[in-house]
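Open the model in your viewer and keep the sequence panel beside it. Each stop below gives a selection and then what is found there.

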Amino acid sequence: MDRDKHLCVLCYKQDGIVSVNESLDVHHIEPLHQAWAKRLNKNNLITLCKYHHGLADKGEYKPNFLKKLIKAPPIKN
C-alpha cells in the first residue's frame, strides 16, 4: 500500500480518480493457490478498492496488465 500511496491503482491510473476514505485491499496478482512463494513479493501485490478487487478476482484484469500498472508508483514523491 505504501508503494501505491494508499490509492486504488486502477481507479487512479485507469479512471483518473482518487477516492478518499475508500476501503482498500491488497490483491495478489498471481493467486496464492498458484504462487504461494510470491505471497509477500511486492511485484505480485497491487492496492485495489473493493470494486476493482472483486473484478480482478473474477479475472477481468489479466496478471500481465496489473503487473504493468505497478511498474511505476501512481504519484511520484
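Two strands pair if DSSP finds at least two bridges between them. Keep that in mind for the first stop. The model is a predicted one.

**Stop 1: the strand pair**

Select strand E1, residues 24–28, together with E2. The two run antiparallel, and five bridges join them. Now pick Val26 and look across to E2. Which residue is the bridge partner of Val26 there? The partner is Thr47.

Stay on E2, residues 45–49. In a regular strand, side chains alternate between the two faces of the sheet. Show the side chains of E2 and check each face. Leu45, Thr47 and Cys49 lie on one side, and Ile46 and Leu48 lie on the other. Every one of these is buried, which leaves both faces covered. Five of the five residues of E2 are buried, so the rest of the structure largely encloses the strand.

**Stop 2: the nonpolar core**

Next, select Cys8, Leu10, Ile46, Leu48, Tyr61, Leu66 and Leu69. These have the most contacts inside the largest nonpolar core, a set of 14 residues. Which elements give two or more residues to this core? They are helix H1 (9–15), strand E2 (45–49), helix H2 (50–57) and helix H3 (63–69). Color those four elements to see the contributors.

Center on Leu10. Leaving aside residues up to four places away in sequence, Leu10 touches Asp15, Leu48, His52, Tyr61, Phe65, Leu66 and Leu69. Leu48 belongs to the face of E2 that also carries Ile46.

**Stop 3: the aromatic pair**

From Leu10, move to two of its contacts, Tyr61 and Phe65. A pair of aromatic rings is described by the distance of the centres and the angle of the planes. The structure holds one aromatic pair. It is formed by Tyr61 and Phe65: the ring centres are 6.0 Å apart and the planes meet at 15°, so the pair is stacked.

Are these residues buried or partly exposed? Tyr61 is buried, with a relative accessible area of 14%. Phe65 is partly exposed, at 34%.

**Stop 4: the segment before H1**

Select Asp4, which sits in the segment before H1. Its relative accessible area is 2%, so Asp4 is buried. Display its side-chain contacts. A polar contact of 2.9 Å joins the side chains of Asp4 and Thr47. That is the Thr47 that bridges to Val26.

Asp4 also meets Arg3 in a salt bridge between side chains, at 2.9 Å from N to O. Arg3 is partly exposed, with a relative accessible area of 26%.

Step along to Lys5, in the segment before H1. Phi of Lys5 is near 60°, a positive value in a residue other than glycine. Lys5 is partly exposed, at 30% relative accessible area. Then take His6, also in the segment before H1. Phi of His6 is positive too, near 55°. At 44% relative accessibility, His6 counts as partly exposed.

**Stop 5: the loop between E1 and E2**

Select Asn44, in the loop between E1 and E2. Is Asn44 buried or exposed? At 1% relative accessibility, Asn44 counts as buried. Its side chain reaches the backbone nitrogen of Glu30 at 2.6 Å. Not counting residues up to four places away in sequence, Asn44 touches His27, His28, Ile29, Glu30 and Lys38.

**Stop 6: the salt-bridge network**

Side chains of opposite charge can pair when their charged atoms come close. How many salt bridges does a search of the whole structure find? It finds four.

Select Glu30, Lys38 and Lys67, which are linked in a network of salt bridges. The side chains of Lys38 and Glu30 meet at 2.8 Å, N to O. Glu30 also forms a salt bridge with Lys67, the closest N and O atoms being 2.6 Å apart. Glu30 lies in the loop between E1 and E2 and Lys67 in helix H3, so this pair ties together parts that are 37 residues apart in sequence.

Finish with the accessibility of the two lysines. Lys38 counts as partly exposed at 33% relative accessibility. Lys67 is partly exposed as well, with a relative accessible area of 25%.

Technical notes. Residues are numbered from 1 along each chain as its sequence is written. This is a predicted model: local features need pLDDT of at least 70, side-chain atom pairs count only at pLDDT 80 or more; totals for chains, interfaces and linings use all residues. Side-chain values use heavy atoms; hydrogens and water are left out. A nonpolar core is a set of buried Ala, Val, Leu, Ile, Met, Phe, Trp, Tyr and Cys residues joined through side-chain atoms within 4.5 Å. Buried means under 20% relative accessible area, exposed over 50%, partly exposed in between (1.4 Å probe, protein chains only). Contact means heavy atoms within 4.5 Å. A polar contact is a pair of N or O atoms within 3.5 Å; within protein, one must be able to donate a hydrogen and the other to accept it, and residues adjacent in sequence count only if both atoms are side-chain atoms. Rings of Phe, Tyr and Trp (its six-membered ring) pair if their centres lie within 6.5 Å; planes under 30 degrees apart count as stacked, over 60 as edge-to-face and the rest as tilted.
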